[in-house]
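Me: I am new to this structure and would like to go through it slowly, one question at a time. Could you take me through it once it is on the page?

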Amino acid sequence: MSITPGTDVPSLPIDLPAPGGLAEAQVCGRACVWCAVVLDNTTAIDLGAREIDAHGSVTRWFPRSCGPCGRARFRDAFTAHRSECPVCSTKLPWCTTGKRLFGAFLRADRPEAPR
Ligand SMILES: [Zn+2]
Ligand SMILES: [Zn+2]
């Protein structure tokens with residue numbers, strides 16, 4: 001099995017908990033990575049595939065979160081990004097990262113919106 005970085009879902013620039021400290025359900029994407037609530041497919045937020053080092057070999061991790069956690073994290077990440085980013089802090093349009101963070105926040109805020 002070979003893994004090519006950066007092919008499918010791009011990961012969002014947000015901090016996730018270390019997968020080594022999570023329960024199996026959180027690593028499998030069945031529970032929120034932050035609050036461990038069991039997720040339902042209609043409200044879960046995909047956080048993008050990550051590559052993690054598990055027991056010496058690289059493996060894929062598909063972290064997901066619940067709506068409230070995702071909203072709070074995306075909002076914080078976007079606020080932090082805007083205060084640091086020379087593009088997003090001064091003018092429109094925002095940079096790609098800024099747009100992706102804001103888009104993720106909007107989708108998390110309105111789970112019924114089409115993706
Ligand atoms: Zn949560
Ligand atoms: Zn930016």
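Me: Where is Thr43 found, and is Thr43 buried, exposed or partly exposed?
Reply: This is a predicted model, in which local features need pLDDT of at least 70 and side-chain atom pairs count only at pLDDT 80 or more, while totals for chains, interfaces and linings use all residues. Residues are numbered from 1 along each chain as its sequence is written, and chains are lettered from A and ligands numbered from 1 in the order in which they are written. Thr43 sits in the loop between helix 1 and strand 1, where helices (H or I, at least four residues) and strands (E, at least two) are DSSP runs numbered from the N terminus. A residue is buried if 20 or more other C-beta atoms, placed from the backbone, lie within 10 Å of its own, exposed if 12 or fewer, and partly exposed in between; because Thr43 has 16 C-beta neighbours inside 10 Å, Thr43 is partly exposed.

Me: What distance separates the C-alpha atoms of Thr43 and Gly67?
Reply: Along the chain, Thr43 and Gly67 are 24 residues apart. In the model, their C-alpha atoms are separated by 6.3 Å.

Me: Which pattern do the helices and strands follow along the sequence?
Reply: The protein chain has 3 helices and 4 strands. Read along the sequence, they follow the pattern α-β-β-β-β-α-α.

Me: What is the mean pLDDT of the protein chain, and which element has the lowest mean?
Reply: The pLDDT is the predictor's confidence in each residue, from 0 to 100; its mean over the protein chain is 82, and 85% of the residues reach 70 or more. Over residues 1–9 the pLDDT is below 50, and this stretch has 8 contacts in the model beyond near neighbours in sequence, a contact being two residues whose C-beta atoms, placed from the backbone, lie within 7 Å. Where pLDDT is low, the predicted coordinates should not be read in detail. Among the elements, strand 4 (residues 64–65) has the highest mean, 94, and the lowest, 79, belongs to strand 2 (residues 50–54).

Me: Which residues touch the most other members of the largest nonpolar core?
Reply: A nonpolar core is a set of buried Ala, Val, Leu, Ile, Met, Phe, Trp, Tyr and Cys residues joined through C-beta atoms within 7 Å, and the largest one here has 15 residues. The elements that give two or more residues to this core are helix 2 (67–84) and helix 3 (96–109), and the largest share, 4 residues, comes from helix 3. The members that touch the most others are Phe74, Leu101 and Phe105.

Me: Which residues of helix 3 are buried, and why do they line one face of the helix?
Reply: The buried residues of helix 3 are Leu101, Ala104, Phe105 and Ala108. Seen down the axis of helix 3, they fall within an arc of 100°, taken over the directions from the helix axis to the C-beta atoms, so they line one face. These buried residues pack against strand 1 and helix 2, whereas the face turned away from the buried side carries the exposed residues Thr96 and Leu106.

Me: Which residues does Phe105 touch, not counting residues up to four places away in sequence?
Reply: In helix 2, the buried residues include Arg71, Phe74 and Phe78, and the buried residues of helix 2 pack against strand 1, strand 4 and helix 3. With residues up to four places away in sequence left out, Phe105 touches Arg71, Phe74, Arg75 and Phe78.

Me: Which residues does a cis peptide bond join?
Reply: Most residues other than glycine have a negative phi, and most peptide bonds are trans. Pro93 is found in the loop between helix 2 and helix 3. With omega at about -5°, the cis peptide bond joins Leu92 and Pro93.

Me: What is the phi of Ala36?
Reply: Ala36 lies in the loop between helix 1 (24–27) and strand 1 (45–46), and it is partly exposed, with 14 other C-beta atoms within 10 Å. Its phi is positive in a residue other than glycine, near 70°.
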